[in-house]
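Keep the view open as you read.

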Amino acid sequence: MSANAIPLIVEKHKRALHDGFHRWPTMGFRPPALGDARWPSELILATWVQAETGRPPQNGLEYRIGASGGGFDLLDFQFVEASRRVPEREAIDTSIRLNRRPYDKPIEIPIPWYGAGMSYGSISEQIMLARAKAAKEWRTFTCTGEGGYPDSVAEYKEHVITQIATGMFGVREETIQRAPIVEFKYAQGAKPGLGGHLLGDKATMAVAKMRESVPWVSLFSPFPFHSVYSVEDHKKHVDWIKAMHPTALVSVKVSTPTDVDMVAVGSYYTGAHILHVDGSYGGTGAAPEIAKKNIAMPIELAIPRVHRFLAAEGIRDEIVLMASGGIRTAHDIAKAIALGADGCVLGTTELVALGCTRCSNCERGRGCPFGLTTTDPELSGLVDPEWGRERISRLYASFQHELVDLLRRLGLRSVRELRGRTDLLHYRRPEATRAA
Amino acid sequence: MSTYQRYHIDTQAKPDLHAHPSRFRVKVRRSRLIGLLLQELVEYKANMPVVLSRPCVYGVFSGPLGGLAPREHLCVGCLRCTTQYPGIVQIHPNPERSGLPGTMIGPDAVDTILYEARTGRVPVRGAGYRGPFGGSGWDGMWTDMSEIVRPTRDGIHGREFISTLTEIGEKPMRLAFAADGSLLGPSPAVFPIQVPFLFDLPPQPVRSDPLLRVLADAARRIDTLAVAPVSFVASEPAGPHLVPLVRARDSWDGLRWMPRLVLLEDWDRTRFEEARKRFPDARIGVRVDAARDLTEMLSAGVRILQLVADDMGQAGGRFVGDVLQEQHKRLVERGVREEVTLLGSGGIGLAEHVPKAIICGLDVVGLDLPLLVALQATFRDGSIRLPALEHDWAVQRIVNLSASWRDQLLEILGAMGIREVRRLRGELGRCMFQKDLEREAFQGIAGYEG
């Protein structure tokens, strides 16, 4: 095949894909093989609509919950009577602070979420750029994940969290020094206790160079940090960052073991500004199936445990609790906050906005056929970073619109007032959901 | 000089004998496809690489006739083709895929087991969990993990060692010594196996000597046990991996060698005493319904019990995990748990069920139906059929499955920071139960009733 044909081929498929993302949600029937219990076909199509229009779908597509039969999918809000709702003319504040300590740099984001860590190699540079551009537009953050910091992303450094994980892949002094927030990833929800995993097919020359590894060889981040066996050791890590970059905020990303509440308290005492709890049902990377389903608890069950324990210790208002691992919709975000989180971290949702069908073939051969979780030159060309920015930005716009509407109907003027308000929630019995 | 060798299961790719129904059906509207090709011929001025470029990266449309004759066995369900061309191609779940009716093994579980038996590898996929939120039975349990404790995932990849060795037999709760240091009272009478699962007696419709020989050879290869009727065991050469199961009507007279373990079907005190005399150097176990009261057996000196559940994981009308926890706790309360070995049987469908059953109290988990799935048994109209078994192929498939399940057990143990599987037994504190977590998280929320 001549090299001249490749741009035409990419363009042809890109056009057809964009056409498909637009047409499917309006076709009146659902793709028969699309979706799963967590992301039913309607929710995927509804996310595509939001990424295109910036508003929730108006054609009856379910955009609020999935069909998992538990957790967020069984929680509803109990709205207040009309007289107590916030009038349309009054503004609703959706901002949150990411530093609640009385010292260090105050950082505030206008929406209670930012982008999750997805490494270069697990996703393409185009996707990293699209996410960074959207983060800049919304004055929030995205995260490098554990795979290095491509130079092209440096332009958006004020909106990029540098992640340090157990393999230290791509971690350099300059990438730590340029980051407003540095995140230590102790564990991740998709494979709690197992470390990162990049299969050999995706460790291309460019990826390996960035990670300072050998091309085409699978990369396993060890688990856990081999330099951390205690909270005191973790403090040493935090001190190391503060020595290198004194004004950086420190985030600690952990999974959801039985003692997640104790881990939270330990993180607080080491000086972390953000505790990022990643539940077991999320994740975008390759993971053993047995780990995804069976290890650690879902985020819905971890948030209240951590929130209450921090409150009981009298330190809840000094640390920011960010929740991730299965946050799919604006309603999930609101429910997570009502359960006790300050905000959420989005990963899969952003990929779905960019066309992910949740087919779970990210790790196979050339990687994602939609050009998302791949570094294959032809496939990654299917996503233009500017197009990606627009899709993510519009999804954010829709989420904010929905969140504002929820807060208004709950009689709250700020998303900060929603935190821990379980009295505003209603639990639907699983049988009632099935019947519905 | 002996050389230490780390325990390892040798795997070898063994393809399926016959194709399992593919996960998806690819339906193409040929007239529309031809129309599209003609349209693109004009649009791209007959630039054939562009015109013929297909949306599928898995080769479904790369056969000689392209999309006119899609190769649907290659379809992985990414849906890119139907996303791009919804009017031309549709991807459907294949209705021919089936699980095992009346068991906990559904179509996806069959796919998983076949992959494990083919490759011996741990199934790895992207994009997070796709299933329901928790669930009943084993699905309502989540295992713990540790943020900082070793052993680590390194253990799974060989730099550290996580032991899956389990001991079967009877042990005194403590050793007693005389003043001169000599041992007083009984010493442990146990033997080890290298994995905490054994190959249980296959169900009657497919039970045959060739199948039993496959399971016996696979058990020998990986150093575990295979349970077989005493008549079969008697006809085989002596082997420490064979466990004769003796029913009330069976005679053990033909058995000329001394097995390590003999299992008696159902409880009969006289038979138990006779077996002890007949097999003085063997351990004698009793196989009973998992929900049965064990008091009389324990009083009579039974110290190895195989607790049997049905194919749905039910015993006494309840989930076997709950029943096992109760049995385990009763043994603890009675002060004899360390003296007793609990073997399981039934209700195990996937690798994840093994650690969960051990957490509930089993020392060794019995496998049955997954072994038949690995050998590509078919389940139609309530009956099970096995294909004609080529012995070496079948043995390797079982070995592969065992390797995959052991590696998945290591994933669970590594995540928990547990260095040996024996420490997992009854470790309910390292497990989270959905009903408990939901009660804690949602108590006080309107509508939640516990």
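How many helices and strands are there in chain B? Chain B has 14 helices and 21 strands; helices (H or I, at least four residues) and strands (E, at least two) are DSSP runs, numbered from the N terminus. Before going further, please note that this is a predicted model, in which local features need pLDDT of at least 70, side-chain atom pairs count only at pLDDT 80 or more, and totals for chains, interfaces and linings use all residues. Residues are numbered from 1 along each chain as its sequence is written, while chains are lettered from A and ligands numbered from 1 in the order in which they are written.

Staying with chain B, its C-alpha atoms fill a box of roughly 100 × 60 × 50 Å along the principal axes. Of its 450 residues, 45% are buried; a residue is buried if 20 or more other C-beta atoms lie within 10 Å of its own, exposed if 12 or fewer, and partly exposed in between, with C-beta atoms placed from the backbone. Among the contacts in chain B with a separation of 6 or more, 62% are between residues 24 or more positions apart. Here two residues are in contact if their C-beta atoms, placed from the backbone, lie within 7 Å.

Now turn to chain A, where an open sheet of eight strands runs in the order S4-S14-S13-S11-S10-S7-S6-S5, with parallel pairing. Its edge strands, each pairing on one side only, are S4 (113-115) and S5 (142-143) of chain A. Two strands pair if DSSP finds at least two bridges between them. Strands of a sheet pair through backbone hydrogen bonds, either parallel or antiparallel.

S7(A) pairs in the parallel sense with S6(A) over four bridges, and A:Ala165 stands opposite A:Lys185. Five bridges join S7(A) to S10(A), also in parallel, with A:Glu183 opposite A:Ser251. From S10 (residues 249-254) of chain A, four bridges lead on to the parallel strand S11 (residues 274-278) of chain A, where A:His276 stands opposite A:Lys253.

Two loops of chain A also deserve a look. A:Met168, in the loop between strand S6 (160-165) and helix H4 (173-177) of chain A, has a positive phi of about 55° although it is not a glycine. A:Met168 is partly exposed, with 15 other C-beta atoms within 10 Å. A:Trp216 has a positive phi of about 65°, again without being a glycine, and lies in the loop between helix H5 (205-211) and strand S9 (219-220) of chain A. With 14 C-beta neighbours inside 10 Å, A:Trp216 is partly exposed.

Finally, where do the chains meet? 65 residues of chain B are in contact with 86 residues of chain A. Elements of chain B that each supply at least two residues to this side include helix H2 (48-51), strand S2 (89-93) and helix H13 (391-416). The largest share, six residues, comes from H13(B). By class, the side of chain B that touches chain A has 34 nonpolar, 20 polar and 11 charged residues; Ala, Val, Leu, Ile, Met, Phe, Trp, Tyr, Cys and Pro count as nonpolar, Asp, Glu, Lys and Arg as charged, and the others, Gly among them, as polar. Two bridges join strand S12 (residues 287-288) of chain A to S3(B), and these strands run antiparallel. The bridge partner of A:Ala287 in S3(B) is B:Arg125.
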